[in-house]
Amino acid sequence: MKMILLGPPGAGKGTQAKGIAARYGIAHISTGDMLRSEVREGTPLGREAKAYMDNGQLVPDDVIIGMVKNRIQQPDCQNGFLFDGFPRTIAQAEVLEQITDIDRVIDIEVPDERLIERISGRRMCPLCGATYHVSTHAGDKCSCGGTLYQRDDDKAETVAVRVREYHRKTEALIDFYAQKGKLLRVNGDATVDAVAEEIARELDA
Ligand code: AP5
């Protein structure tokens with residue numbers, strides 16, 4: 001199984017990805033997580049990407065494509081993989097077509113006004129990568145013991161740029177994959193469990 005999770009920032013891609021990847025026994029590949037790890041380690045790639053990420057802009061296609069090509073060669077991708085946050089431009093999708101065949105693309109749809117509320121309340125664990133929301137999680141501790149933090153690009157003004165970038169550069173992928181007959185559309189404006197159930201139903205069908 002090779003799948004893509006599409007959707008705007010804050011749609012719930014990361015939240016849903018873990019369950020889908022576990023259910024199908026495939027690797028979860030989040031280009032955002034990979035970039036944040038490069039930034040933390042201070043690699044040349046991380047230093048280049050940081051300026052774009054901090055401003056809410058997309059990192060250049062060639063940087064992302066090189067990173068993804070290496071990642072899908074890893075042994076844990078042999079059974080398949082789920083891309084979370086890739087591709088994000090038509091150019092990235094066209095290169096992906098040349099590298100591998102994608103079976104399904106799940107588009108999680110959430111109205112813009114809900115995205116800001118979700119992202120501004122998001123808190124992350126630096127140790128295990130778990131994601132929480134302040135409305136449903138009291139305090140600043142993760143279940144693993146880590147102290148939760150807010151992502152640098154989750155400030156309101158940066159979120160607005162990220163949502164604009166999504167509409168300008170990424171949304172066109174919905175039509176791109178619909179025309180190939182690979183697109184499944186899911187209502188992301190529902191509870192986490194309801195979204196997970198709808199995704200499972202669509203994939204089973
Ligand atoms: P990335 O890390 O991929 O960020 P994103 O796409 O903006 O997505 P998010 O992680 O913000 O949201 P999500 O959809 O995963 O939502 P989540 O599940 O966390 O990318 C970051 C940056 O890296 C980009 O801006 C860009 O610079 C760069 N980049 C990455 N990939 C790139 C690429 N391919 N090309 C170029 N540049 C790239 O949920 C959000 C919040 O909502 C959480 O608090 C969660 O608890 C809550 N929540 C989730 N689901 C629900 C629900 N159903 N109901 C209520 N609350 C919910």
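Colleague: What makes the largest nonpolar core a core, and which residues have the most contacts inside it?

Modeller: A nonpolar core is a set of buried Ala, Val, Leu, Ile, Met, Phe, Trp, Tyr and Cys residues joined through side-chain atoms within 4.5 Å. Buried means under 20% relative accessible area, with a 1.4 Å probe and protein chains only. The largest such set here has 28 residues, and I4, F81, F83 and Y177 have the most contacts inside it. This is a predicted model, in which local features need pLDDT of at least 70 and side-chain atom pairs count only at pLDDT 80 or more, while totals for chains, interfaces and linings use all residues. Residues are numbered from 1 along each chain as its sequence is written, and side-chain values use heavy atoms, without hydrogens and water.

Colleague: Which residues does F81 touch?

Modeller: Contact means heavy atoms within 4.5 Å. Leaving out residues up to four places away in sequence, F81 touches M1, K2, M3, I26, A27, I29, I72, T100 and I102. A second, separate core has 20 residues, including I108, V159, V186 and L203.

Colleague: How many nonpolar, polar and charged residues form the shell around the ligand?

Modeller: The shell has 13 nonpolar, 13 polar and eight charged residues.

Technical notes
Nonpolar A, V, L, I, M, F, W, Y, C, P; charged D, E, K, R; others polar. Buried < 20%, exposed > 50% of the residue type's maximum accessible area, 1.4 Å probe, protein only.
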